[in-house]
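Trainee: I would like a close look at one part of this protein. Please take me through its charged pairs, then on to what surrounds them.

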Amino acid sequence: MTATAEPHAEVEGAVRGALARASGIELLGDLDGSGHKDGVSLVRREDGQMVQLGPLMYALLDCVDGQRDAAALATCLSERSGRSFDEKHIVRLAEKLAEQGLLAGSETNAPPRQNPLLALRCKFIVTNPAITERLTAPFTFLFRPWLMAPVLALFLGVLWFVLVHKGVASATSEAFGNPELLLLVVALAVGSAGFHEIGHAAACRYGGGRPGNMGMGLYMVWPAFYTDVTDAYRLARRDRLRVDLGGLYFNALVAVATVGVWLLWRVDALLLLVALQLIQMVKQLSPVIRADGYHILSDLTGVLDLYAHIGPTLRRLLPWRRNEPSALKGRARLLVTLWVLIVVPVLAALALGAVVLLPRLVTTAWESGRQIGSLMPEQFADGQILDLMTSVVRLLALALPMLGAAVLTQGLVRSAFRAAQAWSGDRPIRRVVVAAAAAGIFCTAAWAWWPAGQYEPITAADRGTLVSFAKTVSAPRETVRPHAPSVARLEPGTHVAIAMIPVDGASEDRPAFFVVRDEEGGTPVVLASDTLPEESEQAATDTPTGEAPSTAGSTTPVEAVALPFKLPGAPGPGGTQAVAVGTKDGAVTYKVAYALITVRDGDPVTNTNSAFAFASCNACTTIAVSVQIVLIVGTSNIVIPINAAGALNVACPACVTTALAQQ
């Protein structure tokens, strides 16, 4: 890490006479497996910040001992590098070291500790290095190869058992149906997150490193554990990779141990902890955020700060800048380029998806939070402490993603503003470009967030897959300006409904529909179900008035789709329509309409032909028939009249409903 700024007076003063290192400076040596052409050497500052130096600057810093002046340092550097250096070279190199705050008297010039956007903040130390060493000592044996192999084999068996054979549906149902079990699973999940960090520290110690502090912090807004394993940078690449994977290995240990306890206890809710371990492992393997996957890729390529190479890599992809030199080796440059080509589109898609989906996410969180909050006073009054604690956990789970999105957005806006300000400077053309880009972003956000039917909660009918997310990003208009029916709320109680139930019963391909009229004269509500509960079947067979299943025992409103539902209007001029409505038990209702249409020498045909049969009765027959006879006079190409037929049973058991429209 070098600087290009002009030397200042205090920097020049720091390199006169005998030179000494800044307090707390620790030389860690060369980075094993570095992806840089000239190699990289590491220095750790007193604040724990890692500094990357080239071979010459690191060799000079190694020669600095507080006794040698510029002439003596020139001799030392010449001997170590095999090249000739004089005092003038030493002064220039020392100035660069002083600009990094690595020489005594220049500490105030040290750049502030890096604080990336996706980094832990508000850290709280739980264990110091001495306690961490004692805490991890009992776990280092777990990295013995003879033990790791069977553990990983058992973990593969756990994956098959939980994901393929057993599933987590019963575990989820049991956990959410028993507040005490849900709180137990949450507590174990938090504990497993801490155990994950012990895995990193134990792996560092097993490889010969010295793990540092362990503690807690905030990852944007989410509480998270952390372990300082900076000392692992001086280890071989194989050992660094073991440190990177140590946390995931301990997640696998938790999963195996959980299934072992389940075999003894047979409480399915415990299997939800296994699912949470898998989710945590998948999240940690992401190379986008600064998680385990990012550090694994960093050590594989030998490039410590991958994000610092996004800009140079994108510039070299431009046709007119392909021949620009790179500081990375061929293999490392190829891997970093592939990473950039994946990460940049992913980050752009996530940013666009966050903007487009924000209205639905906010609405979902608000509706869910309102329902949970409405139950909490009753839980408190009845002394339902476990239920109340569960509600608090659920509210936190709803609030944290929204708060995290706000913090991330604020950080992105601030970083983008600073970068744009630095890039534009005093150049008018660049300032115009920045202003145009800012206006475009503002208009896009306003278009996506201005209410137009998109503020609807997420329902079970929404897929929520990667494919659906890709469709949302590629075609955001359908999400921002939805054409789909809106979601309405059906309050608990008994409602009169039109029941449309397939003859062979409801299924996923042929669901049952219940059309509930809005008592205030609004849009009717449509409930769709691929299964027919016993109470629904009873209402469908025993309630001739078409009452929907009673929800009086429920305290939670039902979400449903609001669809327009209108009876057929009167036929237009020349149209034919038969409407039969059966309401008398055991009766036969028969309605016939017919017409003779004459078409002469190509006259336009605009006639409509429709038949509709509706029944709300027991053991009744309702038939509607509409027939049109078309007589063609002369030779011409005609348009066949429009046919429409509809038959609807309104909770009508043992009845026949037929509609026929024919020319």
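Is Arg21 buried, partly exposed or exposed?

Mentor: Arg21 is partly exposed, because its relative accessible area is 30%. Keep in mind that this is a predicted model.

Start with the partner of Arg21. Asp62 forms a salt bridge with Arg21, and the closest N and O atoms are 3.6 Å apart. This pair links distant parts of the chain. Asp62 sits in helix H2, residues 55–63. Arg21 sits in the loop between helix H1 (9–14) and strand S1 (26–30). The two are 41 residues apart. Asp62 counts as partly exposed, because its relative accessibility is 31%. Side chains of opposite charge can pair when their charged atoms come close. The structure holds 12 salt bridges.

Now move to strand S1. Arg210 forms a salt bridge with Glu26, with 3.4 Å between the closest N and O atoms. Glu26 is in S1, while Arg210 is in the loop between H8 and strand S5 (214–219). That pair is 184 residues apart and again links distant parts of the chain. Glu26 has a relative accessible area of 28%, so it is partly exposed.

Arg210 has another partner. Asp231 forms a salt bridge with Arg210, the closest N and O atoms being 3.7 Å apart. Asp231 lies in the loop between strand S6 (222–227) and H9. These two residues are 21 apart in the chain. Asp231 has a relative accessible area of 2%, so it is buried. The cut-off for buried is under 20%. Through shared partners, salt bridges join Glu26, Arg44, Arg210, Asp231 and Arg234 into one network.

Helix H9 covers residues 237–265. H9 packs with helix H11 (residues 292–301) at an angle of about 170°, and their axes are 9 Å apart. H9 and H11 are therefore roughly antiparallel to each other. On the H9 side, the contacts come from Arg237, Arg240, Leu241, Asp244, Leu245 and Leu248. They meet Asp292, His295, Ile296, Asp299, Leu300 and Thr301 in H11.

H9 also takes part in a surface feature. Leu184, Leu188, Val261, Leu264 and Trp265 make a nonpolar surface patch of about 500 Å². Helix H8 (179–206) and H9 each supply at least two residues of this patch. H9 gives the most, with 3 residues. Val261 lies in H9. Val261 is partly exposed, because its relative accessible area is 41%.

Arg266 lies in the loop between H9 and helix H10 (271–284). Phi of Arg266 is near 60°, a positive value in a residue other than glycine. Arg266 has a relative accessible area of 52%, so it is exposed.

The protein chain has 18 helices and 17 strands. Of its 663 residues, 37% are buried. Take the contacts between residues at least 6 apart in sequence: 70% join residues at least 24 apart. The accessible surface comes to about 36,600 Å², and 62% of that belongs to carbon and sulfur atoms.

Conventions: Residues numbered from 1 in each chain as written. Predicted model: local features only at pLDDT ≥ 70, side-chain atom pairs only at ≥ 80, totals over all residues. Heavy atoms only, no water. Patch = residues over 30% accessible without salt bridge, like charges linked within 9 Å, V, L, I, M, F, W, Y side chains within 5 Å. Areas by Shrake-Rupley, 256 points an atom, 1.4 Å probe, with all protein chains shown as cover. Salt bridge = Lys/Arg side-chain N within 4 Å of Asp/Glu carboxyl O. Helix = DSSP H or I, 4+ residues; strand = E, 2+ residues; numbered from the N terminus. Buried < 20%, exposed > 50% of the residue type's maximum accessible area, 1.4 Å probe, protein only. Axes fitted to C-alpha atoms, helices over the stretch in contact; angles between N-to-C directions. Parallel < 35°, antiparallel > 145°, perpendicular 65-115°, else oblique. Contact = heavy atoms within 4.5 Å.
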